[in-house]
Amino acid sequence: MDYFNYSGGVLHAEQVNLEDIAKQHGTPAYVYSRATLERHWKAFDQALAARPHLICYAVKANSNLAVLNVLARLGSGFDIVSVGELERVLLAGGQADKVVFSGVGKQPQEIRRALEVGIRCFNVESEPELRRINQIAGELGVLAPISLRVNPDVDAKTHPYISTGLKENKFGLDVETALTVYRQAADLPHVQVVGIDCHIGSQLTRTEPFVDALRRMLDLVGSLNAEGIHLQHLDLGGGLGIRYRDENPPLPEDYAREMLAELQDLDYEILLEPGRAIAGNAGVLLTRVEYLKPTADKYFAVVDTAMNDLIRPALYDAWMDIVPVRPRDVAPATWDIVGPVCETGDFLGKSRALALETGDLLAIRSAGAYGYVMSSNYNTRPRPPEIMVDGDRAYLVNPRESLDALLARETLLPD
Ligand code: LLP
């Protein structure tokens, strides 16, 4: 559930009229709802309330400092994949000792910084990475807490680009290799084995793949115990899907119930890394219709946002709901909603039933996750602003990029 609703015939974010936001900040613009972010985070936190746990929000989903700060104030942990994300978490008031560091390509300076600030755990994805962490921890005279990311070879039944738990994927270690690498880790002087980790993909709409993955993890945990390698936490990753159209993903409480049933009386601390399920439906992308272009074949509505602002439709053929901010009481036509970028793949939605006029304001829903963070300057388009609504107030938390600032970074060759 989110806090984007119609009131008086106009779509609002919490108590703020989206027409007012467009008037004040222009379009395109990302608009987030604090209450929705908090509600979603708390749903995960409460689902695991009965046992030790930490919700580590996946920063990559939406890394705006205000978003991170709202979650940090709730006591959230964070899942990061770069030193840049680590600096964001720290700036936003997040605690280093609640940060887990995932990703297959951690660089030496990233590992060093993470050790200096004292993160909670490295989710190690390969044997050479383990050795690199051990070496840097030795240089710094500290002990690096690590878990191994296991690739359980389960089919997450999601888009192939966002499926990560199959053995053909670059992520993690298969179960047998993980056992060998755990043994090596246990012998290394500067790492401390504290957990196990798994993330099988994103936008999962059923619990079975999660349960399969957990069973495989628990088998491995059993083997480790038999060898005297004892863990403190299980990190089950992120991946819980959201409703973009008609999906019916499990709620956090249903997901948690099934996972806890598998765990029975095992008393490991549970870490989760949800991203989309917290931020996705907490944001919309506001855009205005620039031109209506009905052709013999198709009706095109050209809007002022594009694939550079929101790449999910172009990249994954993702369906995202597009709604009028002020619906018209006339019969709809069928429109392709397209952007100004010079690519046929630059569409936001196809064959949408909408009653449109030039100048109309539209909201692309579920754009709070993997929206702004994946934006680019393609076609020299400055990035849109980000606005956070909190009750009856709207805060500009990242201004629109200016063309001048964009161009000022570049230089010419000398004469
Ligand atoms: N943990 C790890 C290690 C991950 O790689 C990811 C996402 C997450 C947690 C969070 O997953 P979530 O709960 O958000 O599903 N750009 C794509 C999604 C890529 C997801 C990458 N990894 C999209 O727009 O659909």
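**Exercise 1.** Which domains give residues to the shell around the ligand, and where does the ligand lie?

*Solution.* Domain 1 (4-32 + 280-408) and domain 2 (34-277) both contribute to the shell, so the ligand lies between them. These bounds come from an automatic or database domain assignment. The model is predicted: local features need pLDDT of at least 70, side-chain atom pairs count only at pLDDT 80 or more, and totals for chains, interfaces and linings use all residues. Residues are numbered from 1 along each chain as its sequence is written.

Next, look at the shell itself. It holds 22 residues, the closest being Ala58, Ser202, Gly238, Gly275 and Tyr370; a residue is near if its C-beta atom, placed from the backbone, lies within 6 Å. Helix H10 (276-279) and helix H11 (312-316) each supply at least two shell residues; helices are DSSP runs (H or I, at least four residues), numbered from the N terminus.

**Exercise 2.** How do helix H4 (residues 83-91) and helix H5 (residues 108-117) cross, and which residues meet?

*Solution.* Start with the axes, lines fitted to C-alpha atoms over the stretch in contact, with angles from 0 to 180 degrees between N-to-C directions. Those of H4 and H5 come within 9 Å and cross at roughly 25°. That makes H4 roughly parallel to H5 (angles under 35 degrees).

Now find the contact (C-beta atoms, placed from the backbone, within 7 Å). Val83, Leu86 and Leu90 of H4 meet Gln109, Glu110, Arg113, Ala114 and Val117 of H5.

Definitions and conventions: Parallel < 35°, antiparallel > 145°, perpendicular 65-115°, else oblique. Contact = placed C-beta atoms within 7 Å.
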